[in-house]
Amino acid sequence: MTVLVTGGAGYIGSHVVRLLAERGTPCVVVDDLSTGDAARVDGAALLRLDVAQSDAVPELAETMSSHGIRAVIHFAAKKRVDESVMRPAWYYQQNVSGLANVVMAMERSGADRLVFSSSAAVYGEPADGLVPESAPALPVNPYGTTKLVGEWLVRDAVVAGVLRGALALRYFNVAGAGWDDLGDPAVLNLVTMVLERLEEGRPPLVFGTDYPTADGSCVRDFVHVLDLARAHVAALDHLADETVSGFDVLNVGTGRGASVLEVVTTLTRLAGSDQAPVVRPRRPGDPAAVVAAAGRIGDVLGWRSEAELDRTLESAVTAWRHARGGGAPG
Ligand SMILES: NC(=O)c1ccc[n+]([C@@H]2O[C@H](COP(=O)([O-])OP(=O)(O)OC[C@H]3O[C@@H](n4cnc5c(N)ncnc54)[C@H](O)[C@@H]3O)[C@@H](O)[C@H]2O)c1
């Protein structure tokens, strides 16, 4: 049965679209291509539409009806924390109104199951250590708040019976590529920021080496984007069971911490560079360690992360080179 994927032309969405295509599940992609690229979903039906625009619902509902859509994965959103601080209303419009339009179109067309892209940003600055889904949701920027409000919206739609079943997946740090042509095009996270600096012949930066961690740098949870994509497929399969109903929130992470220094030195080695990292003072608001408690998703979906850190980072380097015609980042 065809699945509708909003934001399917983006970094994560295109991995899910390709995984689904490989197993014979067709997708309709709805994307305004604001940060996505149509070449990433070559072969899938693509409707170019801003899901947040005020008149999006009829076109979305018509697309869902005409393709017999029952299940939707909603990736479409803006994800820049800095931008969300500068333009909060626009972030609410893009991320919350966009989701509201999608849910309204589902209501009109009878599509009744939804997988929603949430984020570990909903936890804000959690207490150090493993973060379970039950940890307080206290986002510290508008981006994180839009994801939390999104979760509430989806939960309320389930309570109202508009949706039969829905899952919010809270991703931790996403990295790597499942295919060389599907690397992360945005330089917004540690991995791509390090690769960009190495490519420019500049040393990677490490913010703070005086944290109470093994090597003094921050510890995060890096999940391979292909593992994350498999979690979405598992979520779809779970919701396809007509006996399943309700709303749930699941962390998607490895459950293992990797230090910033470890990531930086591994990337530098993989990129064939000899740049030594430069240490800068701590950035405000960076907790020492944020790692997913990743057991629940195993219990509910039977999913667990497979890739080791090295393989995740190696795939990021290979895809980075691929996007630049084969040149070495270092
Ligand atoms: N990348 C991460 O580390 C990360 C972590 C946590 C959560 N997320 C969430 O996962 C989702 C996908 O992230 P990504 O990394 O693939 O980002 P991305 O920017 O590569 O993908 C987003 C896609 O949505 C499309 N889009 C954005 N606004 C739209 C709109 N109003 N209408 C239609 N299409 C629109 C973009 O063109 C793009 O194709 C987002 O919801 C993001 O908040 C990402």
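**Parallel sheet and salt bridges**

Strand 1 (residues 3–6) and strand 2 (residues 27–31) run parallel and are joined by 4 bridges. One of these strand contacts pairs Val-3 with Cys-27 in strand 2. The model is predicted. A search of the whole structure finds 18 salt bridges.

- The open sheet has 7 strands, in the order 3-2-1-4-5-7-12, with parallel pairing.
- Strand 3 (45–48) and strand 12 (246–252) are at the edges; each has a single partner strand, so one side of each lacks a neighbour in the sheet.
- On average, neighbouring strands are turned by 20° against each other, direction ignored.
- Helix 7 (residues 225–240) packs on the sheet and touches strand 1, strand 4 (71–74), strand 5 (113–119), strand 7 (165–171) and strand 12.
- The direction of helix 7 makes about 165° with that of strand 7.

- Arg-70 pairs with Asp-112, with the closest N and O atoms 2.9 Å apart.
- Arg-70 lies in the loop between helix 2 (56–66) and strand 4, and Asp-112 in the loop between helix 4 (88–109) and strand 5, 42 residues apart.
- Arg-70 is partly exposed at 25% relative accessible area, whereas Asp-112 is buried at 13%.
- Arg-170 and Glu-151 form a salt bridge at 2.7 Å, N to O.
- Arg-170 sits in strand 7 and Glu-151 in helix 5 (residues 142–159), 19 residues apart. Both Arg-170 and Glu-151 are buried.

**Within helix 7**
- Arg-230 and Asp-227 form a salt bridge, their closest N and O atoms 2.7 Å apart.
- The two residues are 3 apart in helix 7, so about one helical turn separates Arg-230 and Asp-227.
- Arg-230 is partly exposed at 27%; Asp-227 is buried at 5%.

**Network**
- Salt bridges with shared partners join Arg-70, Asp-112, Arg-113, Arg-164 and Glu-242 into one network.

Methods. Residues are numbered from 1 along each chain as its sequence is written. This is a predicted model: local features need pLDDT of at least 70, side-chain atom pairs count only at pLDDT 80 or more; totals for chains, interfaces and linings use all residues. Side-chain values use heavy atoms; hydrogens and water are left out. Two strands pair if DSSP finds at least two bridges between them. Axes are lines fitted to C-alpha atoms, for helices over the stretch in contact, and angles run from 0 to 180 degrees between N-to-C directions. Contact means heavy atoms within 4.5 Å. A salt bridge is a side-chain nitrogen of Lys or Arg within 4 Å of a carboxyl oxygen of Asp or Glu. Buried means under 20% relative accessible area, exposed over 50%, partly exposed in between (1.4 Å probe, protein chains only).
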